[in-house]
Amino acid sequence: MNAHDILLRETGLDLDAATLERALRERMECLGIAGRAEYLALLAGPELHELAELVVVPESWMFRDPAAFKAAVSHVTAQLARHPGHVARILSVPCAGGEEPYSMAMALHDAGVPPASWRIDAIDLSAASVARARAGHYTRNAFRGAGLGFRDRHFSQDGGGYLLREDIRAHVHISQGNLFALDMAANAGRYDVVFCRNLLIYFDDAGIARAANILGRLLSHAGMLLAGPAEAPVLCRHGFAQLPLAGAFALHKQGCPPAIAAAARPRQGLRTIAPVPLKAAPRPAAPPLPAAAPATPELLALARRQADGGQLREAAATCQALIARAPDEPDAHFILGLVSQCQRDARSAERHLRQCLYLAPRHYDALCALALLAEEAGEPAQAAIYRQRAARSHAGADGSRAA
């Protein structure tokens, strides 16, 4: 059995030949091994984790995709309201350096949910990621965006970085492990919320089906699964259905929809998974920008706010105006692509997203959006290609640019 097949069987990772070959050469050189057969024999032990760690090094940050945490908190509070005395259980797999499970813990704390009423388990294949998560120490790169008030509340400055408060860390139980190796007898139906985002993009179709089966068994009867943008439509082929929560990419087991608090139901906006078809409207003309026009980042932020608020025509007009001034701005084309998706104009969506990739070939969000389009068009092979490219981008090896 070759290295690809061993990784696929043990971890579900379906790596392209070039990525795997680079990793094999690096590990063999590190160990001073010249023969491939000698190295393959080591994959029956701890070396398998060393190799996997080398090819899957995801980049993450606190409150990445905030809507997912808002949806999860709303779901947990609704569950606790319906079942007093219940302890909500949450799983983050893979947890990378702890950014995701700690963000969930901070979100629950800030929402006033009593610590005794919830527990978070976090699992990752990488020993280095687990050690980093347990340390709770992060650099400035872990804090992005404008809303950083949580950093002041929950972190203390420590040298050149930030240390997470012990009372937050104490509620997140971190361990090294593998989704495919979980004890299903002990964990079946255990979790009210499962975060499993941007993992299935590394798997082939068989691995996705296997993972979906495990995730379904882990979830409670009315549990919520938070997936990545390219993974939601794939999971819907394997026993899951979408929830109408914009930006969250939330799913539930088919036939077991959770009750969603009204406050968690957003207006139709940019990142809704199953957008409501809109009435046809003429393409907005690109309005001229004033002499003292805002800089590109401000215009992109405006377009996103407009789109997320359901002002799709206004968002498109802002992007068109920006493109007229800066035609090589990939994120303007990306937002136009998502706006077209919301308007059920698949042809325009694909055109804009492809233009985004032409300008930024490793644009993670555009690759995920194109994977979703290909799935909806009944082109699983093309969707798999986009997912593989997104996986390489997400691992950070290519220096991807995302909106």
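Predicted model: local features only at pLDDT ≥ 70, side-chain atom pairs only at ≥ 80, totals over all residues.
The chain contains 18 helices and ten strands. It has 403 residues, and 53% of them are buried. The accessible surface of the chain is about 17700 Å². Carbon and sulfur atoms supply 54% of that surface.

Three of the strands come together in an open sheet. Their order is β3-β5-β4, and the pairing is antiparallel. Strand β3 covers residues 137-138, and β4 covers residues 155-158. Both stand at the edges of the sheet. Each has a single partner strand, so one side of each lacks a neighbour in the sheet. Strand β5 spans residues 161-164. Two bridges connect β5 to β3, and these two strands run antiparallel. At the level of residues, Tyr138 has Tyr162 of β5 as its bridge partner.

The relative accessibility of Thr318 is 12%. The cut-off for burial is under 20%, so Thr318 counts as buried at 12%. Which residues does Thr318 touch, leaving aside those up to four places away in sequence? The contacts are Leu299, Leu302, Ala303 and Gln306.

Charged side chains form eleven salt bridges in the model. One of them pairs Arg153 with Asp110. The closest N and O atoms of this pair are 2.8 Å apart. The bridge links distant parts of the chain, as its partners are 43 residues apart. Arg153 belongs to helix α8 (residues 149-154), and Asp110 to helix α6 (residues 99-110). Arg153 has a relative accessible area of 44% and is partly exposed. Asp110 is also partly exposed, at 37% relative accessibility.

Another salt bridge lies within a helix. Glu166 pairs with Arg169, and the closest N and O atoms are 3.3 Å apart. Both residues are in helix α9 (residues 166-169). They are three residues apart, so about one helical turn separates them. Is Arg169 buried or exposed? Its relative accessibility is 18%, so Arg169 counts as buried.

Helix α16, residues 346-359, holds a further pair. Here Glu350 forms a salt bridge with Arg354. The closest N and O atoms are 3.0 Å apart. Why are Glu350 and Arg354 separated by about one helical turn? The reason is their spacing: the two residues are four residues apart in the helix. Glu350 is partly exposed, with a relative accessibility of 33%. Arg354 is likewise partly exposed, and its relative accessible area is 43%.

Methods. Residues numbered from 1 in each chain as written. Heavy atoms only, no water. Buried < 20%, exposed > 50% of the residue type's maximum accessible area, 1.4 Å probe, protein only. Areas by Shrake-Rupley, 256 points an atom, 1.4 Å probe, with all protein chains shown as cover. Pairing = 2+ DSSP bridges. Contact = heavy atoms within 4.5 Å. Salt bridge = Lys/Arg side-chain N within 4 Å of Asp/Glu carboxyl O.
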